[in-house]
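This briefing covers the ligand shell, a helix pair and the division into domains.

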Amino acid sequence: MEAPAAIRNTAAALSLPAPRARAGRLGGTRRQPCAAASCSSRGDWQTACAILCSNSNNKPKVNGQSQTTEELAPADSSSSSSDLVPAPSNLPRPLSISDLSPAPMHGSQLRVAYQGVPGAYSEAAAGKAYPGCEAIPCDQFEVAFQAVELWIADRAVLPVENSLGGSIHRNYDLLLRHRLHIVGEVQLPVHHCLLALPGVRRELLGRVISHPQALAQCEHTLTRMGLNVAREAHDDTAGAAEHIAANSLRDTAAIASARAAELYGLAVLADGIQDDAGNVTRFVMLAREPIIPRTDRPFKTSIVLAHDGEGTSVLFKVLSAFAFRDISLTKIESRPHRHRPIRLVDDANVGTAKHFEYMFYIDFQASMADVRAQNALAEIQEFTSFLRVLGSYPMDMTPWDSAPYTSSAASNQQA
Ligand SMILES: O=C(O)C(=O)C[C@]1(C(=O)O)C=C[C@@H](O)C=C1
């Protein structure tokens, strides 16, 4: 897998003009919901996959005002100044502001954006999902989303959960803010190493740096190894390794992959330091357009919903809609409802109760081409104020023990 320049500077990307060919993009936010009838054509499915925005009297309300789904997903206005860092000459350099202008398609190679630098697990996930792709490193998750939106990349591959560390909340929030569609998933076994400059002994270490998820995944092992030193968060695992090499830090070790050790000239002090040998991270692949769901192989569907908070049993009803149809849920995650995080309920006798409000992300094991899933969503729409299908996509059925990069294992993932 060849890796070109990385993308840096979100602020610049945010201020760019609308990309060319945006007409090809889906997700008309004011579309009426798919009535969850069968989607026989691509157009039907695109409508189904667009936000299932409720009819006007069934919209989320903020201070009594109806909200459009667009308002639920504002563009992120946070921005930072340009921050260009020189990279080793033989490795891809992070993209700069000028790289973010929509570029012509070059060749037939699929361009896949990921967060991190070469050697990051996300790069490996991109290779598993799309063997032979051109992996494009990005300095932030947000930039990877933008790279696809701006046609700089064709896909983004982003971690959403790890078997030890749990959910990567930032990406759940970004899925809602952006209009990309989940078109696949890959589960990547994550095998961590402790890396340091050649010649450095473990006893000399005063600090271990890595991505917070990687630090969490190795917490107990580090303690067992007697490494009770400061642990510091870094943007990504390979970036931590690069930082040690670039700054000749002899008192610092990184948790990263064996590939990162090779790329940045570090020695492996310990191998397999994750707390659980079966440590796995799940990534989703994102595209500008959804794929057409099928029923001839196992599919998963991801949705996000909110309710108006009045009914206490809404979540129970949502879960029942799946249970009654024998549809298994594989994941449920709640995140703060950013536009209405707290609901006050005044009771003259007792006082004011302050309820937290949530967006619920649900993955279930069925294709949107399956009538059971269509009926479940039609029912759920009755008592939710907001419902969006994030994507319906093939499940990663790769056996645990197979190598993540074998093309036979990965070729089925292509979407
Ligand atoms: O830092 C990396 O190498 C990443 O690809 C990020 C990430 C994550 O966000 O969870 C991916 C997989 C591992 O679980 C640790 C870190």
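Of the 15 residues around the ligand, Ala120, Ser122, Gln213, Asp236 and Thr237 come nearest; a residue is near a molecule if its C-beta atom, placed from the backbone, lies within 6 Å of it. The model is predicted: local features need pLDDT of at least 70, side-chain atom pairs count only at pLDDT 80 or more, and totals for chains, interfaces and linings use all residues. Residue numbers start from 1 along each chain as its sequence is written.

**Ligand shell**
- At least two shell residues come from each of α4 (121-129), β7 (155-162), α7 (212-224) and α8 (237-247); helices (H or I, at least four residues) and strands (E, at least two) are DSSP runs, numbered from the N terminus.
- The shell has seven nonpolar, seven polar and one charged residues, where Ala, Val, Leu, Ile, Met, Phe, Trp, Tyr, Cys and Pro count as nonpolar, Asp, Glu, Lys and Arg as charged, and the others, Gly among them, as polar.
- Domain 1 and domain 3 each give at least three residues to the shell.

**Domains**
- The protein chain is divided into domain 1 (6-16 + 86-183 + 281-289), domain 2 (23-74 + 293-394) and domain 3 (193-271), with bounds from an automatic or database domain assignment.
- The contact takes 13 residues from domain 1 and 15 residues from domain 3; two residues are in contact if their C-beta atoms, placed from the backbone, lie within 7 Å.
- On the side of domain 1 that touches domain 3, seven residues are nonpolar, five polar and one charged.

**Helix pair**
- Val314, Lys317, Val318, Ala321 and Phe322 in α10 meet Ala376, Glu379, Ile380 and Phe383 in α11.
- By class, this contact of α10 with α11 has seven nonpolar, no polar and two charged residues.
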